[in-house]
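Welcome, and thanks for taking a look at this chain with me. Here is a short tour, going from the overall layout to a few residues that deserve a second glance.

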Amino acid sequence: VGQAPRGGRLVYDSVVRDAGGNPTYYHVNQPGGAPGYVPAGSTSDTRPTVTPPSKPSVVIDSGVDLATPSAAQTAGSRG
């Protein structure tokens with residue numbers, strides 16, 4: 001696992017433990033990503049208080065004007 005998102009929740013399917021039985025790594029399967037190991041020291045058993053912010057939307061101007069209702073009706077009647 002490259003880097004888990006801060007505040008993200010991952011599902012693990014196995015645990016690597018040291019000789020004392022303490023977890024050292026968790027094996028996780030990320031949705032749409034490659035499986036990997038997360039160090040136990042980088043995890044917490046408490047839920048985050050605030051959800052992580054979403055990525056901002058990007059709007060790209062194509063340079064094409066919006067269609068007018070009459071143009072859309074004319075194009076629709078040609079079919």
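## Overall layout

One helix and three strands make up the secondary structure of this chain. Read from the N terminus, the elements follow the order β-β-β-α. Please keep in mind that this is a predicted model.

The chain has 79 residues, and 8% of them are buried. Its accessible surface comes to about 7100 Å², with 54% of that belonging to carbon and sulfur atoms. As for contacts between residues at least 6 apart in sequence, 18% join residues that are at least 24 apart.

The three strands form an open sheet in the order 1-2-3, with antiparallel pairing. Strand 1 and strand 3 (36–39) each have a single partner strand and stand at the edges, so one side of each has no neighbour in the sheet. From one strand to the next, the twist averages 30°.

Let's look at the two pairings in turn. Strand 1 (residues 12–17) pairs with strand 2 in the antiparallel sense, over five bridges. Strand 2 and strand 3 also run antiparallel, and four bridges join them.

## Following the bridges across

Two rows of bridge partners can be traced through strand 2. In one row, Val15 has Tyr26 of strand 2 as its bridge partner, and Tyr26 in turn is partnered by Val38 in strand 3.

Which residues of strand 3 are on its covered face, and which are on the uncovered one? Gly36 and Val38 form the covered face, whereas Tyr37 and Pro39 form the uncovered one.

## A nonpolar patch on the surface

Tyr37, on the uncovered face of strand 3, also takes part in a surface feature. Together with Val16 and Tyr25, Tyr37 makes a nonpolar surface patch of about 280 Å².

Tyr25 has its place in strand 2 (residues 23–28). Its relative accessibility is 40%, so Tyr25 counts as partly exposed. The reasoning rests on the cut-offs: partly exposed is the range between buried, under 20%, and exposed, over 50%.

Our last stop is Arg9, found in the segment before strand 1. With 62% relative accessibility, Arg9 counts as exposed, because the exposed class begins over 50%. Arg9 and Ser44 are 35 residues apart along the chain, and 9.8 Å separates their C-alpha atoms.

Key: Residues are numbered from 1 along each chain as its sequence is written. This is a predicted model: local features need pLDDT of at least 70, side-chain atom pairs count only at pLDDT 80 or more; totals for chains, interfaces and linings use all residues. Side-chain values use heavy atoms; hydrogens and water are left out. Patches are made of residues with over 30% relative accessible area and no salt bridge: like charges are joined within 9 Å, nonpolar side chains (Val, Leu, Ile, Met, Phe, Trp, Tyr) within 5 Å. Accessible areas come from the Shrake-Rupley method with a 1.4 Å probe; for residues, only the protein chains shown count as cover. A salt bridge is a side-chain nitrogen of Lys or Arg within 4 Å of a carboxyl oxygen of Asp or Glu. Buried means under 20% relative accessible area, exposed over 50%, partly exposed in between (1.4 Å probe, protein chains only). Two strands pair if DSSP finds at least two bridges between them. Axes are lines fitted to C-alpha atoms, for helices over the stretch in contact, and angles run from 0 to 180 degrees between N-to-C directions. Contact means heavy atoms within 4.5 Å.
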